[in-house]
Amino acid sequence: MTTIDVEGPLPDPWELVEGTDWASLEHAYGSAEGAAPVMGGLLAADLDTQVRAMRYIEDPVHHQNTIYSATVPAALYVAASLSEPRTDTMLPREQGECPLRATMLDWLESVASAVGKDAEAIRERLGFSWDPASVQIRALRPALFRAVSPFLHDLDPAVHEAAIAAAVSLLDAPELVQYRATLVPLVREVLAVSAERSYRSIAVNGLQAWGEDTRYLQAVENEDPWAAGCSREMPF
């Protein structure tokens with residue numbers, strides 16, 4: 001599976017972060033004014049600045065998996081930055097280094113999950129409609145999927161798994177249903193046997209939603225193989 005050309009090119013990440021009126025947007029702690037120089041650090045030449053940028057993108061821009069108005073351009077920015085050479089960086093972790101690109105893909109998966117089928121079911125049960133920012137994120141899913149798809153066969157195992165996980169959550173979009181069958185083998189053969197429990201859960205839930213047989217995969221998910229690997233937590 002190669003890059004999926006869903007619609008039009010993604011914006012240039014530099015133009016996006018510098019051209020967005022962040023002061024008119026909000027994150028978890030109020031106005032997102034001042035976001036540009038911090039978020040722009042994701043493409044900086046030094047690791048500390050990149051770590052600071054990713055922390056900011058995770059919180060307050062997507063605090064506790066919530067979608068804010070600032071999350072919308074941030075999602076596009078992160079997606080557009082995936083192919084930038086400077087995101088080919090290794091971040092320090094308690095369990096060893098982990099690619100920045102994998103962390104970015106994990107973040108996109110979280111954003112996609114926040115507007116996915118499970119979130120939709122909860123809203124319907126509670127009688128809530130989608131807020132404007134969430135509606136915008138839902139509309140962006142084809143573009144985000146297109147940015148993620150080149151990494152579905154990445155040679156780095158952490159990036160490989162993170163891209164598949166992000167794709168699974170993005171394929172909740174009705175516009176992308178036709179790509180599910182192509183992704184099923186990767187979900188079964190890679191994500192469902194990952195050492196990362198959260199990835200195995202995404203695999204099982206995704207395949208169930210797509211009408212696939214997951215009886216054996218559910219048995220695997222009920223095991224408790226906490227293997228050493230790339231932690232998904234940002235360094236502190």
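Q: Before we dig in, what counts as a salt bridge here?
A: A salt bridge is a side-chain nitrogen of Lys or Arg within 4 Å of a carboxyl oxygen of Asp or Glu. This is a predicted model, so local features need pLDDT of at least 70, side-chain atom pairs count only at pLDDT 80 or more, and totals for chains, interfaces and linings use all residues. Residues are numbered from 1 along each chain as its sequence is written, and side-chain values use heavy atoms, with hydrogens and water left out.

Q: OK, how many salt bridges turn up in the whole structure?
A: The search finds 5. One of them joins Glu212 and Arg188, at 3.7 Å from N to O.

Q: Where do Glu212 and Arg188 sit?
A: Glu212 is in the loop between helix H10 (197-209) and helix H11 (215-221), while Arg188 belongs to helix H9 (residues 180-189), so the pair ties together parts 24 residues apart in sequence. Helices here are DSSP runs of H or I, at least four residues, numbered from the N terminus.

Q: Is Glu212 buried or exposed, or in between?
A: Partly exposed, with a relative accessible area of 30%. Buried means under 20%, exposed over 50%, and partly exposed in between (1.4 Å probe, protein chains only). Arg188 is partly exposed too, at 28%.

Q: Which residue does Arg123 pair with?
A: Asp131, in a salt bridge of 3.1 Å, N to O. Arg123 is partly exposed at 22%, and Asp131 is partly exposed at 24%.

Q: And what does Lys117 meet?
A: Asp118, in a salt bridge at 3.5 Å, N to O.

Technical notes
Helices (H or I, at least four residues) and strands (E, at least two) are DSSP runs, numbered from the N terminus.
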